[in-house]
Amino acid sequence: MCLYFSVRDLYSNYVVSPKLASALWTMLAHEENFSLLGNVKDRAGRDGVGISIIQKSTLTERFILIISPETGKLLGDEEVLIKKTPKFDLEAPAIMSFTAYLDSSFTAAP
């Protein structure tokens, strides 16, 4: 879970270089707790590849990273309730949250 949150936080706070993105996805590909979801659409309708992890302590939420197959950039992330829990008054499956990264680029110094 730490890796999921670290990648999500990295993309939400910084512009990630292609070299770093490649290293992140290579690292996560070798992590046994992450699963490949295959081809998915993000909330903006873009084609992506989904990878996910389920929080082992509760087994009620799936955390998803959606990656562009063309650029390697993170397109977005989602948290999905996959099992009903008294903690939330929701029926599973339910989208708990999502983020879509629409643009990220380096700029010249101001």
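Predicted model: local features only at pLDDT ≥ 70, side-chain atom pairs only at ≥ 80, totals over all residues.
**Stop 1: helix H1**

Select residues 2-13, helix H1. Helices (H or I, at least four residues) and strands (E, at least two) are DSSP runs, numbered from the N terminus. H1 has 12 residues, which should span 16 Å at 1.5 Å a residue. Expected span here is 1.5 Å times one less than the number of residues. The end C-alpha atoms of H1 are 16 Å apart, in agreement.

Now show side chains. Tyr4, Val7 and Tyr11 are buried (under 20% relative accessible area; exposed is over 50%, partly exposed in between; 1.4 Å probe, protein chains only). Look down the axis of H1: these buried residues fall within an arc of 75°, so they line one face of the helix. The arc is taken from the directions from the helix axis to the C-beta atoms. Cys2 and Asn13, on the other side of H1, are exposed. The buried residues of H1 pack against H2, S2, S3 and S4, with contact meaning heavy atoms within 4.5 Å.

**Stop 2: helix H2**

Move to residues 18-29. Pick out Ala21, Leu24, Trp25 and Leu28, the buried residues of H2. Down the axis of H2 they fall within an arc of 90°, so they line one face. Their partners are H1, S2 (47-54), S3 (61-67) and S4 (74-81).

**Stop 3: the largest pocket**

Select Tyr11, Lys73, Leu74, Asp103 and Ser104, the closest to the pocket centre among its 15 lining residues. The largest pocket holds about 210 Å³ of space. Its lining has 10 nonpolar, two polar and three charged residues.

A pocket is an open set of points on a 1 Å grid over the protein atoms alone, where a 1.4 Å probe fits, with protein on both sides within 12 Å along at least five of seven lines; lining residues have an atom within 4 Å of a point.

**Stop 4: two loops**

Go to Leu59, in the loop between S2 and S3. Leu59 is not a glycine, yet its phi is positive, about 55°. Leu59 is partly exposed, at 46% relative accessible area.

Finish at Pro93, in the loop between S4 and S5 (94-100). The peptide bond from Ala92 to Pro93 is cis, with omega near -5°.

Note on methods:
Residues numbered from 1 in each chain as written. Heavy atoms only, no water. Points joined across faces, edges and corners; volume = space filled by probe spheres on them. Nonpolar A, V, L, I, M, F, W, Y, C, P; charged D, E, K, R; others polar.
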